[in-house]
Amino acid sequence: MPASPSTARAINDRLALSLLQQQGPLTAGQLKHLTGLSRPTVADLVERLTASGLITVVGESGEQRRGPNARLYGIVADRAYLAALDVRTESVSVLVSDLVGRVLAEGSVPVAPEAGEAAAVERATELVERAVKEAGLAADGGRLHTMGIGAPGLVDPATGELRDSAGLPAWHRRLVAALQERFPSARVGVENETNLAALAEQREGAARDRDTFVLLWLGDSCGAAVVLDGALRRGASGGTGEIGFLPVPGTAALPTATDCSGGYHSLVGAAAIVELAREHGVGPVGSTAASLVAEAAADAPLSGAGNRATSHDGAADDHRPAPAPARFLDALADRVAVGVAAVVAVLDPGCVVLGGEVGPAGGAALAARVEARLGGMSPLATEVRASALGGAAVLRGALLTARERAQDELFAAPDR
């Protein structure tokens with residue numbers, strides 16, 4: 001059936017707004033060319049969107065032609081404001097942006113869980129309040145439209161709420177409720193941090209050319225996010241990617257329903273990586289897993305041939321042991337590849353992005369090693385890439401989801 005006039009207007013408006021979001025200010029002529037709509041239809045939608053306060057004239061085109069330059073139209077950036085949070089076990093980071101994603105304020109604070117739930121929630125809430133004030137918004141955040149929160153743990157797909165998870169701070173759940181109470185006009189949404197990192201890598205990072213891929217989170221814990229045919233997959237209970245519980249060879253025991261220490265986590269979690277570095281004599285005592293991997297990657301050859309040394313005349317010398325950094329990265333790649341091979345066998349994603357803190361720290365040196373080992377374990381061709389966004393991935397993902405949610409609401413009305 002043909003669309004009704006109001007539905008057709010809504011579709012055309014949303015198409016024009018999406019183009020303005022993706023490509024920046026455009027003239028009416030450019031909108032006509034990009035949308036394929038007629039000149040009168042474009043003129044009507046420009047007038048309609050301008051009257052609704054969604055777009056405005058932001059300048060003029062620089063085209064050299066007879067007559068006046070064409071007007072450039074852009075989205076009204078201050079129509080709504082957004083906040084994004086990255087909530088970790090012992091820290092919180094926040095940024096505030098306008099509707100087109102321009103960052104206006106940002107900050108981060110450590111949080112000491114041992115100080116108690118109330119103190120942790122208060123410290124995190126104060127950080128958001130300061131950022132809102134720094135962004136020039138009223139103290140009550142009245143123009144804060146949407147808040148996106150990334151946190152570890154399971155998010156119930158039915159309710160959108162963080163589920164109680166063993167080993168995760170209880171103050172995380174309380175923080176979501178406290179922020180909703182503190183900023184009652186804002187729409188507050190929470191998503192698993194690894195899922196948000198994957199969305200950011202898909203839009204702005206290492207997976208921009210991929211509709212299907214898996215992001216492997218390597219940090220204090222490990223996890224995975226699955227994107228198939230352009231869509232993030234969460235699973236029946238929100239648990240898609242809980243790869244820390246994956247039973248794998250090389251562990252002392254099997255995982256249990258409440259403890260992943262016998263699973264893949266015990267091979268590639270931060271504590272296990274630090275211990276592996278110590279066994280290979282890499283890095284000073286007290287270093288983080290990410291810093292140890294970064295140091296090794298800087299000192300190790302890019303290829304995965306860490307078991308071959310080279311003599312002074314350039315010939316391969318099989319009798320000399322590889323340097324410690326290369327041996328450490330080789331051993332870590334062996335461990336990472338075990339879990340990746342299991343994921344590849346089930347999903348065949350074609351691409352795996354190594355994220356978290358450790359993935360980008362290892363960079364191309366670690367990614368190449370994992371890909372080489374994976375090629376020997378699986379007949380399915382799989383490219384392994386390091387995260388391009390690093391530590392910013394979760395915040396970027398939270399901002400992208402907040403912006404989409406706000407725009408869905410602001411741009412969706414069929415009659416304006």
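Two strands count as paired if DSSP finds at least two bridges between them. Helices (H or I, at least four residues) and strands (E, at least two) are DSSP runs, numbered from the N terminus. The model is predicted: local features need pLDDT of at least 70, side-chain atom pairs count only at pLDDT 80 or more, and totals for chains, interfaces and linings use all residues. Residues are numbered from 1 along each chain as its sequence is written, and side-chain values use heavy atoms, without hydrogens and water.

An open sheet with mixed pairing is formed by five strands, in the order S10-S9-S8-S13-S14. S10 (231–233) and S14 (383–386) are the edge strands, each pairing on one side only. S8 (residues 213–218) and S9 (residues 222–228) run antiparallel and are joined by six bridges; in S9, Cys222 is the bridge partner of Leu218.

Angles run from 0 to 180 degrees between N-to-C directions, with axes as lines fitted to C-alpha atoms, for helices over the stretch in contact.

| Helix | Strands touched | Angle |
|---|---|---|
| H6 (residues 193–204) | S8, S9, S10 and S13 (351–356) | about 130° with S8 |

Elsewhere, H4 (residues 117–134) packs with H5 (residues 171–182) at an angle of about 45°, their axes 9 Å apart. H4 and H5 are therefore oblique to each other (under 35 degrees is roughly parallel, over 145 roughly antiparallel, 65 to 115 roughly perpendicular, the rest oblique). Residues in the contact include Ala124 and Val128 of H4 and Trp171 and Leu175 of H5.

Conventions
Contact = heavy atoms within 4.5 Å.
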